[in-house]
Amino acid sequence: MAASAITAAKNVLRKEIKQRIARLTFEEKHSQSAMVVHKVINSSEYKNSERISVFLSMHDEIHTEGILEHIFKSNKKAFIPHYIGDMMEMVRLHSMEDYQQLPETSWKIKQPPDEEKREDALETGGLDMVLVPGLAFTRRGLRLGRGRGYYDKYLSRCVEVTKKRPVLIGLCFYEQLCSRIPVTDDDYVLDKVFYDDKEETEMTAM
């Protein structure tokens, strides 16, 4: 498929997934988020990781505050995205109090002020695990982002600088799952995708 056709297909899928998410109630988002957080903190990937990158969720993403709380209780190290222009860094977050005091950007995402100096993950040993947001995912780890390429560019830098690839875990609502996603060679494939499997829940309840 030509690059222009892939871009067009991605844009169509983004619109569809945004409509699916928009139909979710706050209660549904909260319930699914709780299940995903449970899956993350009980996974072997998480248990074996010390330096973990966590995205600070927007209203249409899995709520990640519970993961942050567990990281601090477990004496692991949390790193969060800091966006400046077309670049993204991962910087240290020290506590839930630190999180609560972060200002919001125009995108309604919490992040440290640009002038504030914080520990940069790539300067102090890299990352063991990156929790990755997105608009659409397949069960096998293909991902559709929002179109800016922040994570794919950052992960390439991460591998280049630290000479290791962190474990990549996607977090999503069940409604964000797709059977297929158009991708290019620049799109990273995730190691796992955690979601609230409604089919599994319904079968268990029967």
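Helix H6 (150–162) supplies four residues to the lining of the largest cavity, the largest share of that lining, helices being DSSP runs of H or I with at least four residues and strands runs of E with at least two, numbered from the N terminus. The model is predicted, so that local features need pLDDT of at least 70 and side-chain atom pairs count only at pLDDT 80 or more, whereas totals for chains, interfaces and linings use all residues. Residues are numbered from 1 along each chain as its sequence is written, and side-chain values use heavy atoms, without hydrogens and water.

On a 1 Å grid over the protein atoms alone, a cavity is a set of points where a 1.4 Å probe fits but cannot get out, a pocket is an open set with protein on both sides within 12 Å along at least five of seven lines, and lining residues have an atom within 4 Å of a point. Volumes are the space filled by probe spheres set on the points, which are joined across faces, edges and corners.

One cavity of 30 Å³ or more is found in the whole structure, and its lining consists of Asp86, Met87, Met88, Tyr150, Lys153, Tyr154 and Arg157. Strand E3 (87–93), like H6, supplies at least two of the lining residues.

| Space | Volume |
|---|---|
| Largest cavity | about 40 Å³ |
| Largest pocket | about 560 Å³ |

The largest pocket has 27 lining residues, with Gly145, Arg146, Gly147, Arg148 and Gly149 nearest its centre. H1 contributes the most to this lining, namely four residues, while helix H1 (3–22), strand E2 (77–84), strand E6 (143–144) and H6 each provide at least two.
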